[in-house]
Amino acid sequence: MLSNTTFLITGIADKHSLAMYVAKEIIRQGGKVVCTGLGVSPHHIGLSEKAKSFLTKNFEDFKQAVTEELGDSSVEILDVTLDENIASFARTLSDRNIKLNGLLHAIAMDKTIRNKEVKPLLDVTKEEFCDTMNVSAYSLIRLSHYLLKHKVLQPGASICSLSYIAAAKVTFHPYRNISIAKAALERITIELADELGRAHKIRVNAIRFSPYMGSKAGNATLNEKDVNTSDRMSPLGNAKPMDLAYEIVHLFRPELAITGEIRHVDGGYNITG
Ligand SMILES: NC(=O)c1ccc[n+]([C@@H]2O[C@H](COP(=O)([O-])OP(=O)(O)OC[C@H]3O[C@@H](n4cnc5c(N)ncnc54)[C@H](O)[C@@H]3O)[C@@H](O)[C@H]2O)c1
């Protein structure tokens, strides 16, 4: 179903990342993927030794997971906090004549959640607020900008990003700072759907997924009690990573007339009170 298509997959940290499930399903359906991971790029200036070794280890883990799970799919370093890194990444794809039929934005970061403890919104600093917003929401605009500027993202392409119910509702485990970034990500999805749909027939959608502790981000922020509560409250129980992968691959199908949607793949959690 996805033969002769190539998708950019961001947000793989290891084999348990939600993005990995999507990448595997794309390949199973005949498509190709280009994967990006956090690592040390020539655009990182003045990194501390600690930051350098964190990024180096992150990229090694990412590369190993891609090789083991996705064979010879290509890998690139991408840190969305660095505009030059996004620009040079898009140029590299263009130089290699890679044409993308879509992209998955599966990137989020919020340093105000530590050891599963959420900082009250009132105590969030401007830097923490802007960093979370930059990585988790604005990056979708910037990535789309450079991929279009270098004519890598094709007319009719499909963009998908990953969100969470907390973008709209205070849940039983409020996330505060990252919830605001997810709300921005969803609004960006809608504005881009209008802009890019008219200009390039490009579709832009977001999916709110169930809590999932298997990934690094999920494990750092969630606890089992909360995941079990949402499982109990959802009519179908929590959705699984493969449920998400099937839905994203569906939205990646060429020529679908769906855009500007904020969908739920959450076992029906969103309809509960
Ligand atoms: N796990 C959940 O419960 C859950 C639920 C709903 C939505 N989501 C969303 O799914 C997406 C993927 O999360 P996951 O659960 O697979 O966790 P994950 O830890 O596997 O993925 C998060 C990714 O963000 C990347 N990232 C962070 N900062 C970055 C930067 N500056 N530049 C580039 N990449 C950066 C990390 O390298 C990592 O690959 C996130 O947007 C998350 O908010 C997760």
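**Ligand, pocket and cavity: a briefing**

Two elements, β7 (153-163) and α6 (216-221), each supply at least two residues of the shell around the ligand. The model is predicted. The ligand takes up the space of the largest pocket.

**The shell around the ligand**

- The ligand has 27 residues around it, and S17, L18, K182, Y212 and S215 come nearest.
- Among the elements, α6 gives the most to this shell, with three residues.
- By class, the shell has 17 nonpolar, seven polar and three charged residues.

**Polar contacts and cover**

- D79 places a polar side-chain atom 2.9 Å from a nitrogen atom of the ligand.
- V80 uses its backbone: an N or O atom there lies 3.0 Å from a nitrogen atom of the ligand.
- A13 also takes part through a backbone N or O atom, which lies 3.4 Å from an oxygen atom of the ligand.
- On its own, the ligand has 820 Å² of accessible area, and the protein covers 91% of that.

**The largest pocket**

- The pocket has a volume of about 1,800 Å³.
- Its lining counts 50 residues, of which I107, A108, M109, D110 and A217 are the closest to the centre.
- Several helices give two or more residues to the lining: α1 (18-28), α2 (49-70), α4 (126-149), α5 (177-200) and α6.
- The strands that give two or more are β2 (32-37), β5 (113-114) and β7.
- Both β7 and α6 also supply at least two residues each to the shell around the ligand.

**The cavity**

- Rolling a probe the size of a water molecule over the atoms shows where empty space is left.
- The largest cavity has a volume of about 50 Å³.
- Its lining is made up of Y164, I165, R208, F209, S210, P211, S230, S234, N238, D266 and Y269.
- Five of these lining residues are nonpolar, four are polar and two are charged.

**To take away**

- Which residues come nearest to the ligand? They are S17, L18, K182, Y212 and S215.
- Where does the ligand sit? The space it takes is the largest pocket, with a volume of about 1,800 Å³.
- Which element gives the most to the shell around the ligand? That is α6, with three residues.

How values were computed: Residues numbered from 1 in each chain as written. Predicted model: local features only at pLDDT ≥ 70, side-chain atom pairs only at ≥ 80, totals over all residues. Heavy atoms only, no water. Near = heavy atom within 4 Å. Polar contact = N/O pair within 3.5 Å; in protein donor to acceptor, adjacent residues only side chain to side chain. Areas by Shrake-Rupley, 256 points an atom, 1.4 Å probe, with all protein chains shown as cover. 1 Å grid on protein atoms, 1.4 Å probe; cavity = no way out; pocket = protein on both sides within 12 Å on 5 of 7 lines; lining within 4 Å. Sits in = over half its atoms within 2 Å of the grid points. Helix = DSSP H or I, 4+ residues; strand = E, 2+ residues; numbered from the N terminus. Nonpolar A, V, L, I, M, F, W, Y, C, P; charged D, E, K, R; others polar. Points joined across faces, edges and corners; volume = space filled by probe spheres on them.
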